[in-house]
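Here are a few friendly notes to read alongside the structure. Keep the viewer open and look up each residue as you go.

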Amino acid sequence: MKTEKLLKVCGSITKTESLIPIQFNILEQSWIAEANLPYSHYYGQVPKKAKPNSVFLFTKRFFSLEEVLRFSIAIEGYSDKLNIASATIEHQNRQYPAIRIKKFPDYEHLHLLQKCFVQQGVELGTKVNFVTKAKTVINKCFELQELDEDIYLDNEDENKGYIFVQKRIDRDNFDKLILKVKNNGNCKFFDAVPGGLIIDSKSKDIIRIFAEGLNLELLKCIKYELRMNFESYLGD
């Protein structure tokens, strides 16, 4: 009988986000944006959107994941399930550092959340000049439960799974590959973004899958279709 493996690792997810500014209940001369259309390439049942969803607190300099996790100790009282990550937002060849917050309970106390970071020496960023969509790279911790070979389920979100792949594909070819899997396969309704994990001091490429009611059958279907078409999209 196969023993299920639990992975507690760090890594990153890269995606294009639709971001809108939050301009109330925040500190003066600061800038916060929210991802208002999570899983935008998912065309099944509309995902239940948390309020707030993914919130990005812009900062004057980049903070590593280790630094951000240290900051999180001081704000645990807001929510036991608060999810904090280090982030970089890229738009028009510029990079903007941020701290990504998920599962913050309400909009009303966002200014208090900012104050917690300021008290720990974080300088907040001012207005960011981008319109709607930007590339986000989120560095975070993962807790993954093995379901099958190279297939894992997110222990914190049952609608997210991860498929290990042999190599990362550039963004244009990645989007073409996922579209082909959706159009020609039996597994149509899901959102997919690339990512990577550090396991045993080595980088492992992954694809994060989102779908309402995600199960092993769907993940196996996607994995099969990916591997049938993967080589065609590796490029030179």
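Which residue forms a salt bridge with glutamate 143, and how far apart are the closest N and O atoms? Keep that in mind for the first point, and remember throughout that this is a predicted model.

1. The partner of glutamate 143 is lysine 8, and the closest N and O atoms of this salt bridge are 3.9 Å apart. The pair links distant parts of the chain: glutamate 143 sits in strand S6 (residues 133-148) and lysine 8 in strand S1 (residues 6-22), 135 residues apart.

2. Lysine 8 counts as exposed because its relative accessibility is 62%, and the cut-off for exposed is over 50%. Glutamate 143 has 26% relative accessibility, so this residue counts as partly exposed.

3. Lysine 135 is partly exposed at 36% relative accessibility, and glutamate 90 is partly exposed at 25%.

4. Another pair to look up is arginine 61 with glutamate 67, whose side chains meet in a salt bridge at 3.1 Å, N to O. Arginine 61 has 43% relative accessibility and so counts as partly exposed; glutamate 67, at 26%, counts as partly exposed too. In total, the structure holds ten salt bridges. As background, side chains of opposite charge can pair when their charged atoms come close.

5. Let's turn from side chains to strands. Strand S9 (residues 191-199) and S10 run antiparallel and are joined by nine bridges. S9 and S10 form a hairpin with two residues between them. In that turn, aspartate 200 has a positive phi of about 50°.

6. Strand S10 (residues 202-210) also pairs with strand S8 (residues 160-165): six bridges join the two, and they run antiparallel. Here you can look for glycine 161, whose bridge partner in S10 is isoleucine 209.

How values were computed:
Residues numbered from 1 in each chain as written. Predicted model: local features only at pLDDT ≥ 70, side-chain atom pairs only at ≥ 80, totals over all residues. Heavy atoms only, no water. Pairing = 2+ DSSP bridges. Helix = DSSP H or I, 4+ residues; strand = E, 2+ residues; numbered from the N terminus. Salt bridge = Lys/Arg side-chain N within 4 Å of Asp/Glu carboxyl O. Buried < 20%, exposed > 50% of the residue type's maximum accessible area, 1.4 Å probe, protein only.
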